[in-house]
Amino acid sequence: MEQYKQEFIEFMVESDVLKFGEFTLKSGRKSPFFMNAGAYVTGSQLRRLGEYYAKAIHEHYGDDFDVLFGPAYKGIPLSVATTMAYSELYGKDIRYCSNRKEVKDHGDTGILLGSKIQDGDKVVIIEDVTTSGKSIEETFPIIRAQGKVEIVGLMVSLNRMERGKGDKSALEEIKETYGFDANAIVSMADVVEHLHNRPCQGKIVIDDTLKTAIDQYYQEYGVK
């Protein structure tokens, strides 16, 4: 596993973004882990987060794109932090863009925040985590409505590796439904591999008991 991925896993735990225990998800599933990207709140956390996203985007999609689109609301700081990191790490100026939840009718009008999207633009979408693909359902038509745009792919921070609406993972469903690539900085398999019986911040985060609970969760909700 690449060094930046190992660092990112530990960063999620340190930042209290990735938690282990018992959590009831929106779907009603009882999960032994939970991710809350809203826990990234400081300048240094956002700077590091942007760097990890930039490295993953660079690895999966290269530099041949123009706009980083972050769906409102959580995608707004992600797109800003990552475009800044991209210029620092790779010397390429990417424009950031987000949608508004409500269309503004005065001043800076329209549904977009940040850069406009024009004919010929290549766009990468950035999100925190995708469980159902609902936000893509909302943002895909908005991006398409801006002109002849190519969506290069989607980047999320964590692939939960569980079934979405059908038998496939949410990321696989997005690939099939919309025809563009979808990747994550790390998957839960990476997380378990890196943290199982290995100290993080001086303690074992995933011991054998928790590993068993995670395995059982995937037996029930994992991708077949």
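Which residues does D128 touch, not counting residues up to four places away in sequence?

Reply: The model is predicted, with local features needing pLDDT of at least 70 and side-chain atom pairs counted only at pLDDT 80 or more, while totals for chains, interfaces and linings use all residues. Residues are numbered from 1 along each chain as its sequence is written, and side-chain values use heavy atoms, with hydrogens and water left out.

D128 sits in the loop between β6 and α4 (134-144). Helices here are DSSP runs of H or I with at least four residues, strands are runs of E with at least two, and both are numbered from the N terminus. Leaving out residues up to four places away in sequence, D128 touches M35, A37, Y53, K74, L78, V156, S157 and L158; contact means heavy atoms within 4.5 Å. D128 counts as buried because its relative accessible area is 12%. The classes are buried under 20%, exposed over 50% and partly exposed in between, with a 1.4 Å probe and protein chains only.

One of the residues touched by D128 is Y53, and Y53 is among the buried residues of α2. After α2 comes G62, with a positive phi near 70 degrees.

The pairing with α1 (residues 3-14) can be described in more detail. Two packed helices are described by the angle between their axes and the distance between the axes. For α1 and α2, the axes come within 11 Å and cross at roughly 145 degrees. The axes are lines fitted to C-alpha atoms, for helices over the stretch in contact, and the angles run from 0 to 180 degrees between N-to-C directions. The crossing of α1 past α2 is left-handed, a term that applies if the near helix is turned anticlockwise from the far one by less than a right angle, with right-handed meaning clockwise. On the α1 side the contact is made by Y4, K5, E7, F8, F11 and E14, and on the α2 side by Q45, R48, L49, Y52, K55, A56 and E59. By class, the residues of this contact are six nonpolar, one polar and six charged. Ala, Val, Leu, Ile, Met, Phe, Trp, Tyr, Cys and Pro count as nonpolar, Asp, Glu, Lys and Arg as charged, and the others, Gly among them, as polar.

K5 is a charged member of this contact and lies in α1. Its relative accessible area is 11%, so K5 is classed as buried. Setting aside residues up to four places away in sequence, K5 touches E59, I185 and V186.

The nonpolar side of the picture follows. In soluble globular proteins, nonpolar side chains tend to be buried together. A nonpolar core is a set of buried Ala, Val, Leu, Ile, Met, Phe, Trp, Tyr and Cys residues joined through side-chain atoms within 4.5 Å. The largest one in this model has 48 residues, and F20 and V191 have the most contacts inside it. Helix α2 (residues 43-61) gives the most to this core, with seven residues. A separate core of 20 residues includes I117, I125, I151 and A184.

F20 is in contact with P32, F33, M188, V191, L195, V205, I206, L210 and I214, leaving aside neighbours within four places in sequence. Among these contacts, M188, V191 and L195 are also buried residues of α6, together with D190, V192 and H194. Helix α6 (residues 188-195) is mostly covered, with six of its eight residues buried. Just after α6, N197 has a positive phi of about 55 degrees.
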